[in-house]
Amino acid sequence: MAAFDSRSIGDALARRAGILLFSGRGQDTPQPRQRLHLSPPHLAGGELATLSQTLSSGWIAPAGPMPAAFERAVAETTGFAHAAAVASGTAALHLAYRVLGVERGDEVWTQSLTFVATIAPAVQMGARPRFLDVAAESWTLDPNVLETQLRAAARRGRLPRAVVPVDLYGQSCDLDAILAVCGRWGVPVLCDSAEALGALYRGRPVGKGAALAAFSFNGNKIITAGGGGALVSDDPALIARARHLANQAKEVAPHYQHETTGYSYGLSSVLAAVGLAQITTLQARVAARREVFARYAAGLSGLPGLSLMPEPEWGHATRWLSVIQLDPRRFGTTPETVRRALESANIESRPVWKPLHMQPAFRGIRCHGDGLSNQLFERGLCLPSGAMSAEEQERVIAVLRSCCRG
Ligand SMILES: *Cc1c(COP(=O)(O)O)cnc(C)c1O
């Protein structure tokens, strides 16, 4: 067992971290043109200890003490009573749709302005999506549009099986308003909180109050397990059912007995170990991302036609990504020109999510609302938001300033 020398692995990990993080710290000479990534993984430092504990225990499968410890940490962090750790955020959403009883022909409603994984598993199950617009104050599901649409759906006698608000770019949706509207017609709410672990809504953790919430520990999220996700709920039956489905829906029997079919969605102990070390540092990661956002706000202030993603008074966002809006007429340059200028300075940036109703995969499905999603896509740009020195961030700000012709 002594065959593995944790010191040399630690050194290797630290060197790798330097490469992954572009941190320029320690012995690495900072290179001015080193690539700045949108949201690179950040090693917390405790990963090696939990990994080595896992490896020396022999429990490396998706079972045993490490996934259980990670699930407890996820439950505690998210404020939900129960958590199932799974292979990805998309898997968590898929399990949520199963436990909510989504069937072929059912409607599932979400905001159009999101990543495709929000709705993909439901569509693959034969559900029909309905896309709604977002509110200007938060860029998340507009409760007024939702109410209008639910009232009309109730009149038609065709309510959705689930409503899925998205906590976009680290910002909570207006959950109480959404819960109140959905509660009136008895429609369950599933929060896609994949981008918003650590965010608060009226002082409580994001998603808390919904029937279910899904989180992601993908490599680009605020903390990562190197891949993974979690489904959380206050209803023990929903999480027990999700766990059952995540583990091939095996009934208790000496042979394998199946009343339905499930998935191989368990989270490996090796990944849970990384996730456990990372999740203990969440508050520091939130503070760091908010600081990055604040430096952009200060460094970009005064540029005509440039604004940053708003933060409504009811929320405390993680600023998972710092997102700006450019009005090309006032700023004098289009977001795409700015993106290319950043790219030539070796800085990664990305447009705001292309709304799902504009995606060829959903041709013919419209978005209900005022069209804000389209405008945010046309004008939005996500900037590097991970661990960065003030000097590195200054590079981004300088390019943006140089692009302004307003
Ligand atoms: C990342 C993400 C997911 C999917 O999570 P994975 O762990 O990558 O499967 C789902 N929804 C949103 C909004 C996301 O940003």
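Begin by selecting tryptophan 139, which is buried at 3% relative accessibility; here buried means under 20% relative accessible area, exposed over 50%, and partly exposed in between, with a 1.4 Å probe and protein chains only. The model is predicted: local features need pLDDT of at least 70, side-chain atom pairs count only at pLDDT 80 or more, and totals for chains, interfaces and linings use all residues. Residues are numbered from 1 along each chain as its sequence is written, and side-chain values use heavy atoms, with hydrogens and water left out.

Remain at tryptophan 139, in the loop between strand 3 and helix 6. Helices (H or I, at least four residues) and strands (E, at least two) are DSSP runs, numbered from the N terminus. The phi angle of tryptophan 139 is near 65°, a positive value in a residue other than glycine. Most residues other than glycine have a negative phi.

**The two domains**

Next, colour residues 47-279 as domain 1 and residues 282-403 as domain 2; these bounds come from an automatic or database domain assignment. The centres of the two domains, taken over C-alpha atoms, are 26 Å apart. Across the boundary, 43 residues of domain 1 are in contact with 38 residues of domain 2, contact meaning heavy atoms within 4.5 Å.

How much area do domain 1 and domain 2 bury between them? The value is about 3600 Å², with 67% of it on carbon and sulfur atoms. Buried area is the accessible area (1.4 Å probe) that two parts lose on being put together, summed over both. Select Trp139, Tyr169 and Ile222 together: they supply 25% of the area that domain 1 buries against domain 2, more than any other three residues.

Between the domains there are zero salt bridges, a salt bridge being a side-chain nitrogen of Lys or Arg within 4 Å of a carboxyl oxygen of Asp or Glu.

On the side of domain 1 that touches domain 2, highlight strand 3 (128-132), helix 6 (143-156), strand 6 (200-201) and helix 9 (269-279), each of which supplies at least two residues. Strand 3 gives the most, with four residues. The residues of this side divide into 24 nonpolar, twelve polar and seven charged. In this division, Ala, Val, Leu, Ile, Met, Phe, Trp, Tyr, Cys and Pro count as nonpolar, Asp, Glu, Lys and Arg as charged, and the others, Gly among them, as polar.

**Salt bridges**

The structure as a whole holds 18 salt bridges. Select arginine 158 and glutamate 107, whose side chains meet in one of 3.6 Å, N to O. Arginine 158 lies in the loop between helix 6 and strand 4 (162-164) and glutamate 107 in strand 2 (residues 107-111), so the pair ties together parts that are 51 residues apart in sequence. Arginine 158 is partly exposed at 33%, whereas glutamate 107 is buried at 7%.

Move to helix 10 (residues 282-299), where arginine 295 and glutamate 291 are four residues apart and hence separated by about one helical turn. The closest N and O atoms of their salt bridge are 3.3 Å apart. Arginine 295 has a relative accessible area of 24%, and glutamate 291 one of 46%.

**Two loop residues**

Where is threonine 224 found? Threonine 224 is in the loop between strand 8 (212-216) and strand 9 (229-233), and is buried at 6% relative accessibility. A polar atom of its side chain lies 2.8 Å from the backbone nitrogen of glycine 226. Beyond neighbours within four places in sequence, threonine 224 is in contact with residues including Pro41, Phe217 and Val274.

Finally, select lysine 208, in the loop between strand 7 (204-205) and strand 8, which is partly exposed at 22% relative accessibility. Not counting residues up to four places away in sequence, lysine 208 touches Thr78, Gly79, Phe80, Leu175 and Asp234. The C-alpha atoms of lysine 208 and leucine 175 are separated by 8.5 Å, the two residues being 33 apart along the chain.

Methods:
A polar contact is a pair of N or O atoms within 3.5 Å; within protein, one must be able to donate a hydrogen and the other to accept it, and residues adjacent in sequence count only if both atoms are side-chain atoms.
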